[in-house]
Amino acid sequence: MQHRLRELEEEVRSPTSHSRWVVRGSLALAATLGLLSANTAHGQENQPAAKAGTPVQQYGKIRVCGTQLCSQSGRPIQLRGMSTHGTQWYPKCLTGAALDALAYDWKASVLRVSTYAREGGYHKNPKKFTDLASRLIDMATARGMYVIVDWHTIHPGDPHQDLGNALTFFKQLAEKHKHKRNVIYEIANEPHHVPWTTIRRYAERVIPVIRSRDPDSVILVPTPAWATFGLALGSDEQEVIADPVRAANVMYTFHFYAAVAREKWMASLDRASSKLPVFVTEWGTPSWNGWGNDFAMAQKWVDLMAKKKISWTKWSISDSRRDLSVYKQGACSAGKFAGTRVLKPAGVWARDRIRG
């Protein structure tokens, strides 16, 4: 899985729909994109009380039990939902009406809030993007969904390069939301070209910061080679299995794109999830470049994740021209999100699988 070449010059207002497409030579343009509005809660957003029977009401304070994600009562569960694109982009896709559709029409149980460490995100304005993540946590909470706080690192591949910002980000959000029972922390997105030992050391720095404020929430640790258990760089899951993070209530992340991640990748996830608790926090029906949905292969992945009760969030809530955006171009500006008429084929397909 070669990683995320964002065609920035091609889509200035609507950047490409997956974080693998960051063009290293286009950082100046990324900074320009960072000036786009990220205020998704515009003051007019509704904050309805969570409806009866919401996922959080059903499952309570989730926890890790063995290799499974479990409800408060200890029953293995599977969460299914969507990931935002970077919160510096597509603000009109993250309104109260959009989250209403996700929670009540799609019946999603989890929302992943992706705060980019760089690429025009947090590093450009820490307060703005911390406040934005906090508002989205509140919005998901009001609708009875679980919410993943994703520190979306891409380049450079070593998450230690943004460690100071990560510690501040998680310190502030864990302190503010420590009394909520629906918050999950994903401490880095996709490290690459660094060994598992480096990632584990990073986790050992970040986890205590969260635990000192929120001792009970689930924490998600990335795996090597863009969260593929090393597969994208020719390794496999055995290194993580042999030397896991020494912490309780921790899961490991895995990412895939169905058009290019075939049976070998599925076999690795199957093996890994038999030994470790795994959460697929990012996946798509096309290739990692955003084009070419392979729904037949994606269904095999969905079937495996259902069989193993592996929770997942699909990429991404956006309305770019690419195949993996769930909304048609311009749909978010219209402000209507429920039903299938506003959805691309990938959106219709994802909605059906989330609804079960």
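**Polar contacts, salt bridges and disulfides in the predicted model**

The side chain of Glu237 makes a polar contact with the side chain of Gln238 at 3.1 Å; a polar contact is a pair of N or O atoms within 3.5 Å, where within protein one must be able to donate a hydrogen and the other to accept it, and residues adjacent in sequence count only if both atoms are side-chain atoms. The structure is a predicted model, in which local features need pLDDT of at least 70 and side-chain atom pairs count only at pLDDT 80 or more, while totals for chains, interfaces and linings use all residues. Residues are numbered from 1 along each chain as its sequence is written, and side-chain values use heavy atoms, with hydrogens and water left out.

Glu237 is located in the loop between helix 7 (224-227) and helix 8 (238-242); helices (H or I, at least four residues) and strands (E, at least two) are DSSP runs numbered from the N terminus. The residue is buried, with a relative accessible area of 0%, where buried means under 20% relative accessible area, exposed over 50%, and partly exposed in between (1.4 Å probe, protein chains only). When neighbours within four places in sequence are left aside, Glu237 is in contact (heavy atoms within 4.5 Å) with Phe229, Ser268, Arg271 and Ala272.

Side chains of opposite charge can pair when their charged atoms come close. With a salt bridge taken as a side-chain nitrogen of Lys or Arg within 4 Å of a carboxyl oxygen of Asp or Glu, the count is 19 salt bridges. In one of these, the side chains of Arg355 and Asp105 meet with an N to O distance of 3.6 Å. Arg355 lies in helix 12 (residues 345-355) and Asp105 in helix 3 (residues 96-105), so this pair ties together parts that are 250 residues apart in sequence. Arg355 is partly exposed at a relative accessible area of 37%, whereas Asp105 is buried at 14%.

A salt bridge is also formed by Arg262 and Asp294, whose closest N and O atoms are 2.8 Å apart. The two residues are 32 residues apart and link distant parts of the chain: Arg262 is in the loop between strand 8 (250-257) and helix 9 (263-275), and Asp294 is in the loop between strand 9 (278-284) and helix 10 (295-308). Arg262 is partly exposed, with 32% relative accessibility. The side chains of Lys300 and Glu263 meet in a further salt bridge (3.4 Å, N to O). Lys300 belongs to helix 10 and Glu263 to helix 9, so the pair ties together parts 37 residues apart in sequence. Both residues count as partly exposed, Lys300 at 42% relative accessibility and Glu263 at 43%.

The whole structure contains two disulfides, each identified as a pair of cysteine sulfur atoms within 2.5 Å. Cys65 and Cys70 form a disulfide with sulfur atoms 1.6 Å apart; Cys65 is partly exposed at 24% and Cys70 is buried at 0% relative accessibility. Cys93 is joined to Cys332 with an S to S distance of 2.0 Å, and this link is right-handed, with 100 degrees about the S-S bond. The pair links distant parts of the chain, 239 residues apart, with Cys93 in the loop between strand 3 (80-86) and helix 3 and Cys332 in helix 11 (residues 331-334). Cys93 is buried at 1% relative accessibility, and Cys332 is buried at 4%. With the bonded cysteines of the protein chain numbered in sequence order, the pairing is 1-2, 3-4.
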